[in-house]
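Please find below a colleague's note on the model, arranged as numbered points. The sequence and the structure come first, and the comments follow.

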Amino acid sequence: MLKVKEIEALIPQYFKQSDLIYVCVVDIEGQIWFSNEKFQRLFDAKIVSDFELNFTECLKDKSEFDIHAFLIEVTGKPNRGETVELNHKSHPAKWEFTVLMTKEGDFSGILGIGYPKQVVVSSFSTDYTFPKDVNPATDIYFQLNHKWQIQKANELAEKFFEMKEDKLLGNTIWQIYPEKDIYRYALEFKKAKESKTMRIFEDFNSLNGRWYKIYILPRISGIDVVFKDISQVQNLSEEIKQLQLTLQSVLESSEESVFLVGKDLKVIGYNSSAEKLVKQRFNKDLQDGDKFINYLMEEIDEVFLKEVESILSGKFKCFELAVPTKMTKEKILYSHKFFPLIDSQENVVGFGYACKDINDQTKHSDKIKSQNKLMRDVLHNQSTVLRSPLSSILGLLELIDDSQLDKENKKYLSYLKALAQDLDKIIRQNSKKVSDLD
């Protein structure tokens, strides 16, 4: 066994300070090594460590429980807890015992958590415990009487109301609740009281910026109220919604028909273009959970089945393949892409499939290529066929003796030379463009 201070360091603070549950650490013989104040009060003692006590000494009848045999059973199941109901001197309690380990995995004792019968809430007609996801020791918890006055509050409730328990007691919930619109809760309180059933709802506290799941439990003497902080769950839910909206926005902005597929080959997402494609080609309404293979176009399914292992391993596949139409069997050219879907741990969790009708686009591209070829032929003719006679003309112009010409013919000759040189310059530029295209 470890020393008392070392054992105490292993116990969560909210267990040590709880006034709602019993907490203790015992050895295999039931010898007490640590306990919280609530457990100590079972012995009418202040500090258990001031004296030597065994767990059985707080029982109403020591002979009714073989502590040693029970604790041996607990140590034999270190990853599970064992529960037992025990009668103490003042009242019964339900206990759960588990092996307490250090961070290194060494045995340091047996942790006992006891839930007194006072934690059981009595309704008008029957008795029931708190819901499984509620823990009055770790959630905000307080009790109201029939006058809406606070009778009891735990430490978390004190922090929530920013007021110590002695100041809280006797105040009505309407006087101290921090939200201005507390009166909307009144309807839920009233329904719980009149129907004798628990009420559950969620609410956002604008003062501390936290989300709470609120439980209102009717009792004979009043109402128990539990505020469970669910801010982390709500924030995560909002983040997931935003991610889903972002993903859907990306999918919808794509010109392709996009399918997202899990490793079980079932559709887990798609955009409206994919929905239209399925409706047109298969006359079906696309839904999450549908088998992806059922929506692959003719001839694509054969390619996919050959490559499915590679695709599921995270390989990217991209190709073009013509697909016959449903009615005329005329082939339409589509682009096809298979890309991996990877989670935050970089595990391949599926793949995406994107296809697009590129038939018209390809025809247009072919037309442009044909026009470009024609233009290149024209430019080629200009650079070869036209340049040959032009070169001869320029040569002859250089042979003319302008001293034999009168003033007016000299002027015409100068014009003719300039025009021929300009034409030669244009042909040279076109020839350079053809060379650059090549």
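How many salt bridges does the count come to by the rule used here?

1. By this rule, in which a side-chain nitrogen of Lys or Arg lies within 4 Å of a carboxyl oxygen of Asp or Glu, the count comes to 14 salt bridges. The model is a predicted one, in which local features need pLDDT of at least 70 and side-chain atom pairs count only at pLDDT 80 or more, whereas totals for chains, interfaces and linings use all residues. Residues are numbered from 1 along each chain as its sequence is written, and side-chain values use heavy atoms, with hydrogens and water left out.

2. A five-stranded open sheet has the order S2-S1-S5-S4-S3, with antiparallel pairing; strands here are DSSP runs of E with at least two residues, helices are runs of H or I with at least four residues, and both are numbered from the N terminus. Two strands are taken to pair if DSSP finds at least two bridges between them. Strand S2 (32–35) and S3 stand at the edges with a single partner strand each, so one side of each is left without a neighbour in the sheet. From one strand to the next, the twist averages 30 degrees, where axes are lines fitted to C-alpha atoms, for helices over the stretch in contact, and angles run from 0 to 180 degrees between N-to-C directions.

3. Strand S5 (residues 107–116) is mostly covered, since eight of its ten residues are buried; buried means under 20% relative accessible area, exposed means over 50%, and partly exposed lies in between, for a 1.4 Å probe and protein chains only. Five bridges join S5 to strand S1 (residues 22–26), the two running antiparallel, and Val-26 stands opposite Ile-110 in S5. Strand S4 (residues 92–101) also pairs with S5 in the antiparallel sense, over nine bridges, with Lys-94 opposite Tyr-115 and Trp-95 having Gly-114 as its bridge partner. S4 and S5 form a hairpin with five residues between them, and Gly-105 in the turn has a positive phi of about 90 degrees.

4. Which residues of H4 are buried? They are Ile-67, Phe-70, Leu-71 and Val-74, and they cover an arc of only 95 degrees around the axis, which puts them on the same side of H4; the arc is that of the directions from the helix axis to the C-beta atoms. These buried residues pack against S1, S3, S4 and S5, where contact means heavy atoms within 4.5 Å.

5. Glu-82 lies in strand S3 (residues 82–87) and is buried, with a relative accessible area of 13%. Its side chain makes a polar contact with the side chain of Lys-77 at 3.1 Å; such a contact is a pair of N or O atoms within 3.5 Å, of which, within protein, one must be able to donate a hydrogen and the other to accept it, while residues adjacent in sequence count only if both atoms are side-chain atoms. Leaving aside residues up to four places away in sequence, Glu-82 touches residues including Phe-70, Glu-73, Trp-95 and Phe-97.

6. Arg-199 lies in strand S10 (residues 199–205) and Glu-188 in helix H8 (residues 185–195), so the pair ties together parts that are eleven residues apart in sequence. Arg-199 counts as partly exposed at 26% relative accessibility, whereas Glu-188 counts as buried at 16%.

7. The side chains of Asp-229 and Arg-210 also meet in a salt bridge, at 3.0 Å from N to O. This pair links distant parts of the chain, with Asp-229 in strand S12 (residues 222–229) and Arg-210 in strand S11 (residues 210–218), 19 residues apart. Asp-229 is partly exposed, with a relative accessible area of 36%, and Arg-210 is partly exposed as well, at 34%.

8. Another open sheet of five strands has the order S14-S13-S17-S16-S15, with antiparallel pairing. Strand S14 (267–270) and strand S15 (317–324) stand at its edges, each with a single partner strand, so one side of each is left without a neighbour in the sheet. Eight bridges join S15 to strand S16 (residues 331–342), the two running antiparallel, and the bridge partner of Lys-317 in S16 is Phe-338.
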